[in-house]
Amino acid sequence: MIERINELEQRATLDLEAVSDAESLEQFRIQYLGAKGELKALMGLMKEVPGDQKRAFGQGANALKQKVQQAYDERKASLGSNAKPSGPIIDITEPPAPPQRGRQHVITQTVSELTSIFGRMGFDVATGPEVEDDYHNFVALNIPDEHPARDPADNFYLDVPGGHKGQPGGPALLRSQTSTVQIRVMEKAQPPLRIISPGRVYRPDEHDATHYSMFHQIEGLYVDKGVTMVDLKTTLVQFAQAFWGPDADIKLVPSYFPFTEPSAELYVKIDLGKGVEWMEVGGCGMVDPAVFEHVGYDPEQWTGFAFGLGIERLAMRKHQIPDIRLLFENDVRFLRQF
């Protein structure tokens with residue numbers, strides 16, 4: 001058994017001298033010092049050693065293990081100081097590649113452009129909650145109980161504790177329009193006021209090229225003394241020409257909305273390179289006196305106009321995007337175009 005210790009020491013010494021790189025040094029460690037290495041196996045032979053030799057064998061085996069471990073550590077340190085790099089050589093003096101800059105989503109870009117345009121006209125930006133109650137989403141906007149806009153099939157109603165229908169804090173839903181923000185603003189502020197409120201709205205539409213269950217609107221509201229349809233049309237003309245160019249024109253087609261009277265659909269005449277065409281982009285009108293009464297404004301003293309525009313529709317027509325779903329699929333190949 002003592003001769004076996006000596007033979008293992010000689011072989012380990014020769015193998016360690018032959019080590020030339022980190023990989024072969026690791027193989028040496030596994031062979032001799034590993035959990036299943038030869039030194040571990042040597043200690044396992046203790047049970048075969050005669051009783052009178054166990055002490056000498058154990059001392060010799062332990063001494064060999066310490067010797068091999070020390071020689072391994074020294075060889076490892078030597079290789080570490082003289083080893084050549086095994087990976088790619090990096091020139092730390094070379095200027096780094098410039099970081100890639102991100103970009104805003106096309107919808108965010110459109111919102112920024114719209115807020116800038118209306119900001120130059122004196123409109124402040126207002127926001128409101130996306131989870132609304134029945135009162136702010138319908139009642140205060142003069143939308144009666146029998147109106148189809150209240151149909152559960154056309155709204156995302158939420159099963160949460162609330163108040164009575166038609167009262168603030170009543171049945172909750174994801175807001176179906178940003179017109180709710182004008183109510184909340186008028187409840188807290190006295191006229192004159194001029195605001196826009198961009199944001200997300202939700203309707204359970206089936207997804208196709210022109211419909212999505214979540215989309216964006218921008219609502220505009222101007223309340224003051226003596227506001228007329230002339231002010232509304234002037235504002236919308238300035239918006240159209242700022243957004244699409246000086247050749248853009250608008251027309252107001254009579255329509256109906258519960259919260260405005262008179263009401264109109266807004267059409268913009270633009271040239272997108274495929275000929276001039278009229279495009280419907282939103283609704284507008286003079287604020288209905290019933291809406292003013294809900295927020296405590298005197299309709300005999302104050303008048304105002306409101307408009308609502310679909311942001312996806314504006315972005316899609318301006319950039320000739322054929323399918324609304326492209327805006328929400330997050331394909332960077334598509335988003336990098338804008």
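The model is predicted, so local features need pLDDT of at least 70, side-chain atom pairs count only at pLDDT 80 or more, and totals for chains, interfaces and linings use all residues. Residues are numbered from 1 along each chain as its sequence is written, and side-chain values use heavy atoms, leaving out hydrogens and water.

**The sheet**
- Seven strands form an open sheet in the order S1-S5-S6-S10-S9-S8-S7, with mixed pairing.
- Its edge strands, S1 (124–125) and S7 (249–257), each pair on one side only.
- Here helices (H or I, at least four residues) and strands (E, at least two) are DSSP runs, numbered from the N terminus, and two strands pair if DSSP finds at least two bridges between them.

**Neighbouring strands**
- S5 (residues 193–202) and S6 (residues 214–224) are antiparallel, with ten bridges; Leu193 stands opposite Val223 in S6.
- S7 and S8 (residues 260–271) run antiparallel over eight bridges, and a hairpin of two residues joins them.
- Asp249 has Lys269 in S8 as its bridge partner.
- S8 and S9 (residues 276–287) are antiparallel too, joined by ten bridges.

**A buried arginine**
- Where is Arg150? Arg150 lies in the loop between helix H6 (134–137) and strand S3 (156–158).
- Arg150 counts as buried because its relative accessibility is 6%, and buried means under 20% relative accessible area (1.4 Å probe, protein chains only).
- The side chain of Arg150 makes a polar contact of 2.8 Å with the side chain of Asp134, and reaches the backbone oxygen of Pro144 at 2.9 Å.
- A polar contact is a pair of N or O atoms within 3.5 Å; within protein, one must be able to donate a hydrogen and the other to accept it, and residues adjacent in sequence count only if both atoms are side-chain atoms.

Notes:
Buried means under 20% relative accessible area, exposed over 50%, partly exposed in between (1.4 Å probe, protein chains only).
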